[in-house]
Amino acid sequence: MAGHRGLVGSAIVRGLEAAGYSNLLLRTRAELDLTDQRAVAEFFAEERPEFVFLAAAKVGGILANDTYPAEFIRENLVMETNIIEASRQARVKRLLFLGSSCIYPKLAPQPMPESCLLTGPLEPTNRAYALAKIAGIEMCWAYNRQYGTRYLAAMPTNLYGPGDNFDLNTSHVLPALMRKTADAVKSGAATVTVWGSGTPRRELLYSDDVAEACLFLMNLDEEKFGTLLVEDAPPLINIGTGEDVTIRELAETVARVLGFTGELVFDATKPDGTPRKLMDVARLHGLGWRHKTGLEAGISKTWELVRGQL
């Protein structure tokens with residue numbers, strides 16, 4: 001399990017433990033630096049894992065991606081390269097590489113099918129991160145073709161939940177809205193300022209749901225798993241809800257859950273990002289998996305778990 005302390009990784013660990021798995025190989029960053037090629041190779045050679053969830057990544061929102069593009073492309077490329085190659089050498093049975101919906105073109109058809117990968121320009125503000133993740137998908141595909149590995153790339157939609165990053169300078173849209181709104185409730189502020197026009201649409205998936213989807217995919221029987229690893233297309237599958245809301249609707253939901261009764265002010269001088277990012281999840285639905293947690297219920301669950309920290 002690479003990245004077990006992050007939003008997705010920690011949810012996958014909870015899901016594995018709840019399902020009765022006890023032989024988990026977990027290391028903190030201090031114990032294993034995933035950007036250190038030799039250390040990663042030695043770890044895999046010694047531990048010989050059978051299944052790998054590659055959830056480790058350097059992630060952030062629009063501001064972080066736009067401010068530190070070099071770190072976003074470099075660190076992600078290095079981590080995924082080290083882990084995928086070490087997995088091959090250790091003869092890992094299956095690897096699940098976690099990416100992001102930002103791999104798809106800025107003006108992709110909506111909802112976005114897996115087939116629209118590399119069919120148009122990317123959103124400029126997170127281009128470096130997206131290209132690193134696209135390289136990881138290509139690497140899984142190349143290894144499958146050349147070495148006969150069984151590596152699958154799963155692209156979740158926007159995620160949220162306990163363990164999220166609530167720092168206003170580096171967080172994604174939902175945790176940023178929760179932090180701003182919580183601060184306003186505490187201080188008695190009359191307004192909460194939201195970046196952008198409020199019109200872009202976003203699909204959001206609760207972290208425990210994406211973890212369940214990851215376990216579902218890794219536990220598919222050989223025949224069904226094999227249908228996702230064809231030679232003439234990337235080994236790629238979307239994970240999402242198939243539903244989206246506007247940023248305005250999202251901010252209003254957060255305000256309702258957190259009890260903010262003031263005014264939402266939209267700052268149109270700030271970037272909107274991609275106009276819409278809705279996943280086509282027909283492939284995942286066809287395999288038999290659907291999300292369980294609605295947006296307002298998921299925000300409420302998250303708030304109950306993090307309210308003492310904000």
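This is a predicted model: local features need pLDDT of at least 70, side-chain atom pairs count only at pLDDT 80 or more; totals for chains, interfaces and linings use all residues.
Taken as a whole, the protein chain has a secondary structure of 11 helices and 11 strands. Its radius of gyration is 19 Å, close to the 19 Å that the globule rule gives for 310 residues, and the chain is therefore as compact as a globular protein of that length. Along the principal axes, the C-alpha atoms of the protein chain fill a box of roughly 60 × 40 × 40 Å.

Within this fold, one pair of helices can be followed in detail. Two packed helices are described by the angle between their axes and the distance between the axes. Helix α1 covers residues 7–18 and helix α7 covers residues 207–218, and their axes come within 8 Å and cross at roughly 65°. The crossing in which α1 passes α7 is right-handed. On the side of α1, the residues that take part in the contact are Leu7, Val8, Ala11, Ile12, Arg14, Gly15 and Leu16, and they meet Ser207, Asp208, Val210, Ala211, Cys214 and Leu215 in α7.

The space in the second largest pocket comes to about 160 Å³, and its lining is made up of 13 residues, among which Glu114, Ser115, Ala233, Pro234 and Leu236 lie nearest the centre of the pocket. In the lining of the second largest pocket, eight residues are nonpolar, two are polar and three are charged.

Notes:
Residues are numbered from 1 along each chain as its sequence is written. Side-chain values use heavy atoms; hydrogens and water are left out. On a 1 Å grid over the protein atoms alone, a cavity is a set of points where a 1.4 Å probe fits but cannot get out, and a pocket is an open set with protein on both sides within 12 Å along at least five of seven lines; lining residues have an atom within 4 Å of a point. Grid points are joined across faces, edges and corners, and a volume is the space filled by probe spheres set on the points. Ala, Val, Leu, Ile, Met, Phe, Trp, Tyr, Cys and Pro count as nonpolar, Asp, Glu, Lys and Arg as charged, and the others, Gly among them, as polar. Axes are lines fitted to C-alpha atoms, for helices over the stretch in contact, and angles run from 0 to 180 degrees between N-to-C directions. Helices (H or I, at least four residues) and strands (E, at least two) are DSSP runs, numbered from the N terminus. A crossing is left-handed if the near helix is turned anticlockwise from the far one by less than a right angle, and right-handed if clockwise. Contact means heavy atoms within 4.5 Å. The radius of gyration is taken over C-alpha atoms; the globule rule is 2.2 Å times the number of residues to the power 0.38.
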